[in-house]
Amino acid sequence: MPRPEVLERIQTAEQDADDIVADAEQAREERLAEARQRADEIRQEAEEHATELKEERLAEAREQIEAERERIIEEGHAERDRLREAAAENESDAVDYALGQFEEAVDAQT
């Protein structure tokens with residue numbers, strides 16, 4: 001084979017190799033861009049899911065707190081009513097005791 005043909009074939013082969021490398025580089029860049037975009041989408045979805053989960057848990061916690069608050073208030077009302085009943089039952093005894101103490105104090109002064 002004459003030298004010019006060999007050189008031409010070498011140059012063609014080098015150009016073909018350069019084209020293959022350039023195509024591979026471009027394909028790699030495209031895949032990287034797609035992967036980055038998909039990673040961003042996944043991250044966004046995860047953040048949205050985390051926000052939804054946080055809001056659900058917060059709502060559940062508020063419901064539990066409200067239920068506990070209502071329970072405590074009911075217990076307070078029940079205790080108040082119990083104390084009122086106990087005080088009402090002891091009212092006449094307390095009046096009798098106070099009146100007796102007063103009468104003793106008056107008698108002691110006379």
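The structure is a predicted model, in which local features need pLDDT of at least 70 and side-chain atom pairs count only at pLDDT 80 or more, while totals for chains, interfaces and linings use all residues. Residues are numbered from 1 along each chain as its sequence is written, and side-chain values use heavy atoms, with hydrogens and water left out.

The secondary structure comes to one helix and zero strands, where helices (H or I, at least four residues) and strands (E, at least two) are DSSP runs numbered from the N terminus. Helix α1 covers residues 3-109 and includes Val-6, and Glu-45 lies in helix α1 as well.

The C-alpha atoms fill a box of roughly 155 × 25 × 10 Å along the principal axes. The radius of gyration, taken over C-alpha atoms, is 46 Å, whereas a compact globule of 110 residues would have one near 13 Å (by a rule of 2.2 Å times the number of residues to the power 0.38). Within the chain, the C-alpha atoms of Glu-45 and Asp-96, 51 residues apart in sequence, are separated by 76 Å.

Of the 110 residues, 0% count as buried, a class that means under 20% relative accessible area, with exposed over 50% and partly exposed in between (1.4 Å probe, protein chains only). Val-6 is partly exposed because its relative accessible area is 32%, and Glu-45 is partly exposed at 45%.
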